Amino acid sequence: MEEKKKGVDLGLRKFIKELGYMTGGAALLSTTPWLASCTPEKLAEIGNAKARVALIGTGSRGQYHIHNLRNIPHAELVALCDVYPANLEAAAALCPEAKCYTDYRRLLEDKSIDGVIIATPLHLHARITLDALAAGKHVFCEKAMARTLDDCKAVYEAYRNTDRALYFCMQRMYDEKYVKAVQLISSGLIGDVVGMRCHWFRNADWRREVPSPELERHINWRLYKEYSGGLMTELGSHQLEVCTWVAGKIPTRIAGFGDIVYWKDGREVYDSVNVTYQFADGRIISYESLISNKYNGMEEQILGHAGTVDLSKGVYYLEEDNLVSGMRQLLEQVKTGVFAAVPTAGPSWRPELRAKYVPHPVLEGKFSISDGESSVGFVADGSDVILSAFCQSCITGEKAKDVVEEAYCSTVLCLLGNQAMEEGRTLTFPEEYKIPYMKF
Ligand SMILES: NC(=O)c1ccc[n+]([C@@H]2O[C@H](COP(=O)([O-])OP(=O)(O)OC[C@H]3O[C@@H](n4cnc5c(N)ncnc54)[C@H](O)[C@@H]3O)[C@@H](O)[C@H]2O)c1
């Protein structure tokens, strides 16, 4: 493998340090406790030690992780496993020194492997995670946590009973613009949070080319319910995690509609979903995803009475920037001819102008944002930082606080969203899937 660029990892650690950990940043610790071990000092403590890690599932996302592992100085990728030869060969070409397996259970028998990275389809996440923990491995599994509610519970229980580190790739939790924005929200920047509005729109069918028909379900697993939770687990899991992170609470009621509106090609999962989650205090998360129109792109809006933060864009808008006097508003209306375009109503009626909010970046300098189009990942979206944290845990044995709990909460909310849409009824958060971490 090529010489690793040590600067990449240190740059990220430096950012976390600057956010305040080393100067007693209590605010940051309370909003992102999982970053407590991600400081340059903690990294220095491991010296030249390297985590011996293996990758199970060498498809699109798995190969993206190989790319990120190359830049993590304390990681050594020693084994690869896949049941699909073409993907195993492609990964082996990227990492020729790694040993190749076609059965992950044989790989888990190798005592010299410290940790495994799981990037298989969703229905296998729980099984492989449980087997890997039982084999004494530290585990980094792709999101979402599991395909069913019972599997989520089983993984959570296994985690409570192990001393191994477990991560789920909820990379927003390690993305600097999210970390900073959540800190700003918690410090009162936008006043009381009164609601949340997230959406992810794409215009692509999600289909992959299949070399022969018997491979359809293996390659296009995302489209079938046996393997996938559709848009909710593939996209919604990231965005709903952000909502529970900001709220520090879990919604109590879930309702929604979903259907196959456009891509009627034999798939089973919805291509259009719209789910409403309501907290006990009345606040609402409005969640929407569609893959036949991308006009609205991807956004995660946290709505406060004094402003709005769009976490995915790393910008905030303040209501005070938009305070215009009645006269200015009237002049603006005359200028834009808005009166001519609307029917007259009673004397007190006044059309509301489209708000002219000023965008403020949450971070100084350049930072990366995703347009939401890629299905694999985005450079500097936090995926490399969380993977680096995992490799560090493989060496130190230290668990990352709250990562499993956050993944559990968002996955359960996704699966309940699917259930609410399929059953066409409003669900109350089920008692049996509550965990002590959850506040309602
Ligand atoms: N965190 C993110 O932003 C992000 C982005 C993309 C994908 N993902 C997740 O990554 C996972 C993989 O997605 P993908 O797009 O790479 O899928 P993929 O189909 O490209 O890759 C999955 C791989 O797993 C292999 N596999 C299937 N069964 C296996 C088994 N029993 N043992 C070993 N390997 C097996 C397949 O052959 C395939 O190579 C999914 O859970 C997906 O949700 C996460």
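**Entry 1: His123**

I began with His123, which sits in the loop between E4 and H7. Helices (H or I, at least four residues) and strands (E, at least two) are taken here as DSSP runs, numbered from the N terminus. The model is a predicted one: local features need pLDDT of at least 70, side-chain atom pairs count only at pLDDT 80 or more, and totals for chains, interfaces and linings use all residues. I number residues from 1 along each chain as its sequence is written.

The cut-offs are 20 or more other C-beta atoms within 10 Å for buried, 12 or fewer for exposed, and partly exposed in between, with C-beta atoms placed from the backbone. Leaving aside neighbours within four places in sequence, I listed Arg147, Glu226 and Tyr227 as the contacts of His123. A contact requires C-beta atoms, placed from the backbone, within 7 Å. I also took the C-alpha to C-alpha distance from His123 to Ala144, which is 9.7 Å at a sequence separation of 21 residues.

**Entry 2: Ala144 and the backbone**

Ala144 belongs to the loop between E5 and H8. The peptide bond joining Lys143 and Ala144 is cis, with omega about -10 degrees. I then looked at phi. Trp206 is not a glycine, yet its phi is positive at about 75 degrees. Trp206 is in the loop between strand E7 (193–201) and helix H10 (216–219). Trp206 counts as partly exposed because it has 19 C-beta neighbours inside 10 Å. Asp402, also not a glycine, has a positive phi of about 70 degrees. I placed Asp402 in the loop between H14 and H15, and it is partly exposed, with 15 other C-beta atoms within 10 Å. For reference, most residues other than glycine have a negative phi, and most peptide bonds are trans.

**Entry 3: helix H7**

I went through helix H7 (residues 125–134) for buried positions and noted His125, Ala126, Ile128, Thr129, Ala132 and Leu133. What covers them? The cover over the buried residues of H7 includes strands E1 (51–56), E4 (115–118), E5 (138–141) and E6 (166–168), along with helices H6 (104–108) and H8 (149–160). After H7 comes Gly136, with a positive phi near 85 degrees.

**Entry 4: Ser393**

I located Ser393 in helix H14 (residues 383–396). Ser393 is buried because 24 other C-beta atoms lie within 10 Å. Beyond four places in sequence, Ser393 is in contact with His138, Ala165, Glu398, Lys399 and Ala400. Ser393 and Leu166 are 227 residues apart in sequence, and their C-alpha atoms are 8.9 Å apart.

**Entry 5: the largest nonpolar core**

Which residues touch the most other members of the largest nonpolar core? I got Val53, Ala54, Ile56 and Tyr167, out of 107 residues in that core. Helix H15 (residues 403–423) gives the most to this core, with 12 residues. Domain 1 (6–174 + 380–399) and domain 2 (176–377 + 408–433) both contribute residues, so the core lies between them. The domain bounds come from an automatic or database domain assignment. A nonpolar core here is a set of buried Ala, Val, Leu, Ile, Met, Phe, Trp, Tyr and Cys residues joined through C-beta atoms within 7 Å.

I checked Ala54 separately. Leaving aside neighbours within four places in sequence, Ala54 is in contact with Val78, Ala79, Leu80, Cys81, Leu107, Ile113 and Val116.

**Entry 6: around the ligand**

I counted 26 residues surrounding the ligand, the closest being Gly57, Gly59, Arg61, Tyr84 and Asn87. The criterion is a C-beta atom, placed from the backbone, within 6 Å of the molecule. Helix H4 (residues 60–69) gives the most to this shell, with three residues. By class, the shell divides into 11 nonpolar, 10 polar and five charged residues. Ala, Val, Leu, Ile, Met, Phe, Trp, Tyr, Cys and Pro count as nonpolar, Asp, Glu, Lys and Arg as charged, and the others, Gly among them, as polar. Domain 1 and domain 2 each supply at least three residues to the shell.

**Entry 7: whole chain and confidence**

The protein chain has 15 helices and 15 strands. Of its 440 residues, 42% count as buried. Among contacts with a separation of 6 or more, 74% join residues 24 or more positions apart. The mean pLDDT, the predictor's confidence in each residue from 0 to 100, is 90, and 86% of residues reach 70 or more. I flagged residues 340–345, where pLDDT stays under 50 and the model has one contact beyond four places in sequence.

Definitions and conventions: Contact = placed C-beta atoms within 7 Å.
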